[in-house]
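Visitor: Could you take me through a close look at the aromatic side chains of this model, and at what surrounds them?

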Amino acid sequence: MTDSTALKVFKCPSCGAPLDPGKGGSSLKCPYCGASVIVPESLRSPDPLAQYTSLSDVTKLAREGRLDDAAKVYSKITGLKHEYALESVKSMAGMHDSSPQQGTAALNTPSARPNYQPPPQPMPVYTPRPTIRIGGGSCLSGAIRLVIFFAILTSAIPAIWTAFKFQLPFEIPFLTGENSIIPEPYAKETLSFRASTLKDPRAIQVDGEDNILVFNYNSSDIQMFDPQGNEIFVMEITESDGDRLNNDIMGVSKDGTIYVPGFRSIMVFNEKGERLREFPNEDNLFIIYSLLIGADDKLYARSSSGIARLDENGKVDLFISDETLQEITGETPGTGAIGADAQGNIYFSGTFNTDVLKFSPNGEFIGKFGGDFSSVRGIEIDRYGRIYIVDFSEVKVYDANFNYINNIDGGFWGVDFDSQNNMYAITNQGDRVVKFEIRKPDGQ
């Protein structure tokens with residue numbers, strides 16, 4: 001007789017190999033083909049680390065010697081890859097790669113014990129130096145004269161510069177206003193607010209009215225703000241059968257249509273949270289890792305088998321397979337990140353390679369750039385055709401010919417642009433939405 005408690009057979013959707021759902025939590029990687037697979041809720045094992053949710057918990061686990069568990073919690077909080085998270089928690093525990101023999105025993109060294117007192121050191125012998133006085137008067141009056149001298153000097157330089165039309169082979173940072181030779185910052189922060197209703201917002205999109213939408217991680221809630229950061233409302237997005245979602249992926253078109261991938265379909269909503277229609281997941285869209293509305297206002301998806309472009313009816317009209325991506329890079333693509341510019345060119349960066357690939361609107365490989373990215377989370381293109389690569393701790397900016405332009409410091413989950421080419425980003429610490437005014441190209 002068959003045991004009623006026997007485990008169900010769970011197979012990889014890409015290669016059909018049997019998988020153990022008890023080892024992957026909400027998702028796992030197929031050991032045979034490398035595909036990332038979402039585990040249905042009915043087959044998931046309770047997460048033994050669910051009680052650990054903060055950085056203080058990470059530090060506590062690390063100091064207890066549970067480095068792998070600490071790294072898993074740190075990855076969940078920050079989105080950092082496990083190997084990088086492991087290095088971070090080692091640092092929290094006081095371990096360094098320069099001391100390969102150092103492990104949890106390092107915490108028992110005298111310097112790590114709270115009551116340890118170092119041996120007393122002899123006090124240095126102080127030898128007074130002769131005082132040198134220039135001129136008369138007190139130190140205060142001398143300082144005042146020095147400040148006045150520099151004030152006169154700096155105020156006179158612009159007049160001298162204007163009177164004598166000579167040019168130095170270097171820039172001096174004294175001119176201000178219209179005559180300033182100090183360049184404006186590439187990105188200037190102009191707005192910041194906290195997405196307080198949601199606990200862990202990750203995805204961010206801006207519609208044609210410059211309203212800001214953020215999608216909470218691992219839930220079904222989308223929060224909407226006006227351009228000044230005032231909350232408009234929160235909508236709950238669920239599967240057609242009422243099940244809550246298990247992702248933070250969305251694309252928002254300029255007319256406010258919201259596209260969210262589910263397990264069985266791509267669901268389409270308006271900004272009131274009302275379901276408009278669904279696009280069934282075809283064979284090459286079985287699992288969707290990322291989804292976006294490109295600068296050309298078309299719908300793109302990164303699925304478990306390739307990159308797809310969809311028409312207005314949800315039908316795939318262009319497909320770049322994983323086999324093609326692997327042939328170009330020599331690496332398994334993994335989940336990766338995608339982007340699309342106004343001309344319909346497609347950009348992709350795989351999980352296991354450090355380049356960004358560019359394809360034509362017909363799917364032909366054009367070229368690649370980068371080579372130094374650590375963990376690409378998003379690719380966006382602004383109205384001037386500049387390419388923004390959202391890396392782990394910064395956003396790197398390139399022109400359409402792959403030439404590096406500048407970088408924007410900060411760790412972000414993703415970015416998007418409004419109608420005025422302002423960039424909106426959601427921070428990976430503090431759940432803040434930040435607005436940046438982006439410098440226009442020269443001559444614009």
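Guide: Tyr398 is buried in this predicted model, since its relative accessible area is 6% and the cut-off for burial is under 20%. Tyr404, by contrast, has a relative accessible area of 47% and is therefore classed as partly exposed, the class that lies between buried and exposed, the latter being over 50%. Counting ring pairs across the model gives 9 aromatic pairs. In the pair formed by Tyr398 and Tyr404, the ring centres are 5.8 Å apart and the planes stand at 75°, so the arrangement is edge-to-face, because planes over 60 degrees apart are counted that way. These two tyrosines also belong to a cluster, linked by ring pairs, whose other members are Phe369, Phe373 and Phe402.

Aromatic rings also take part in contacts with charged side chains. The charged end of Arg383 is placed over the ring of Tyr384, at 5.8 Å from the centre of that ring, while Arg202 lies over the face of Trp413, 3.8 Å from the ring centre.

Strand 6 is joined to strand 7, which comprises residues 212-216, by 5 bridges in an antiparallel run, and Ala203 has Phe215 of strand 7 as its bridge partner.

Key: Residues are numbered from 1 along each chain as its sequence is written. This is a predicted model: local features need pLDDT of at least 70, side-chain atom pairs count only at pLDDT 80 or more; totals for chains, interfaces and linings use all residues. Side-chain values use heavy atoms; hydrogens and water are left out. Two strands pair if DSSP finds at least two bridges between them. Helices (H or I, at least four residues) and strands (E, at least two) are DSSP runs, numbered from the N terminus. Rings of Phe, Tyr and Trp (its six-membered ring) pair if their centres lie within 6.5 Å; planes under 30 degrees apart count as stacked, over 60 as edge-to-face and the rest as tilted. Buried means under 20% relative accessible area, exposed over 50%, partly exposed in between (1.4 Å probe, protein chains only). A charge sits over a ring if NZ of Lys or CZ of Arg is within 6 Å of the ring centre and within 35 degrees of the ring normal.
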